[in-house]
Amino acid sequence: MKTFKDLEFKPHPNGAGGVQATIDFDNGRGASVICAPFSYGGKNGLYELAIFHNDVLGGDVRGWLTEDEVTKHLKEVQELK
């Protein structure tokens, strides 16, 4: 089961600061996790998570997440059929 520790953060591609990690799962879903001045919670050092299904954004973006909360959501996504 992949967790926050498996994320490999890189500078956010928009050039406005912050970091982003993307991760894909065997069930066709994936996630993008960012921490940036413009993200939900980023100014407080917290993370924003968006879930993808077959490269299409699905559902709401979740923000103001701690590392443990990101792991919780990543585990939930991996368990989806």
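**View 1. Lys72 and its salt-bridge partner.** Lys72 is partly exposed, with a relative accessible area of 47%; here buried means under 20% relative accessible area, exposed over 50%, and partly exposed in between, with a 1.4 Å probe and protein chains only. The side chains of Lys72 and Glu76 meet in a salt bridge, 3.6 Å from N to O. A salt bridge is counted when a side-chain nitrogen of Lys or Arg lies within 4 Å of a carboxyl oxygen of Asp or Glu, and by this rule the count comes to one. Glu76 is also partly exposed, at 34% relative accessibility. Because Glu76 and Lys72 are four residues apart in helix H1 (residues 67-79), about one helical turn separates them. Helices (H or I, at least four residues) and strands (E, at least two) are DSSP runs, numbered from the N terminus.

**A note on the model.** You are looking at a predicted model, in which local features need pLDDT of at least 70 and side-chain atom pairs count only at pLDDT 80 or more, while totals for chains, interfaces and linings use all residues. Residues are numbered from 1 along each chain as its sequence is written, and side-chain values use heavy atoms, with hydrogens and water left out.

**View 2. How confident is the predictor, and where?** The pLDDT score is the predictor's confidence in each residue, from 0 to 100. The chain has a mean pLDDT of 94, and 100% of its residues reach 70 or more.

View 3. Follow the open sheet in the order E1-E2-E3-E4-E5, with antiparallel pairing. E1 and E5 are the edge strands, since each pairs on one side only. Strands of a sheet pair through backbone hydrogen bonds, either parallel or antiparallel. Two strands are said to pair if DSSP finds at least two bridges between them.

View 4. Is E4 mostly buried or exposed? Five of its seven residues are buried, so E4 is largely enclosed by the rest of the structure. Strand E4 (residues 47-53) pairs with strand E5 (residues 56-65) in the antiparallel sense over five bridges. Look for Ile51 opposite Gly58 in E5, and for Phe52 with its bridge partner Leu57. Two residues lie between the strands of this hairpin, where Asn54 takes a positive phi near 50 degrees. Most residues other than glycine have a negative phi.

**View 5. A nonpolar patch on the surface.** Which residues form this patch? They are Tyr40, Leu57, Val61 and Trp64, with about 410 Å² of accessible area together. Patches are made of residues with over 30% relative accessible area and no salt bridge; like charges are joined within 9 Å, and nonpolar side chains (Val, Leu, Ile, Met, Phe, Trp, Tyr) within 5 Å. Accessible areas come from the Shrake-Rupley method with a 1.4 Å probe, and for residues only the protein chains shown count as cover. Val61 is found in strand E5 and is partly exposed, with a relative accessible area of 32%. Trp64 lies in strand E5, and has a positive phi of about 55 degrees although it is not a glycine.

**View 6. Ala36 in its loop.** Ala36 sits in the loop between strand E3 (29-35) and E4. At 2% relative accessibility, Ala36 counts as buried. Leaving aside neighbours within four places in sequence, Ala36 is in contact with Gly17, Gly18, Gly42 and Lys43, where contact means heavy atoms within 4.5 Å. Ala16 is 20 residues away along the chain, and its C-alpha atom is separated from that of Ala36 by 8.0 Å.

**View 7. His73 in helix H1.** Back in helix H1 we find His73, which is buried, with a relative accessible area of 13%. Which residues does His73 touch, apart from its neighbours within four places in sequence? His73 is in contact with Leu49, Arg62 and Leu65. His73 and Ile51 are 22 residues apart in sequence and 9.3 Å apart in space, C-alpha to C-alpha.
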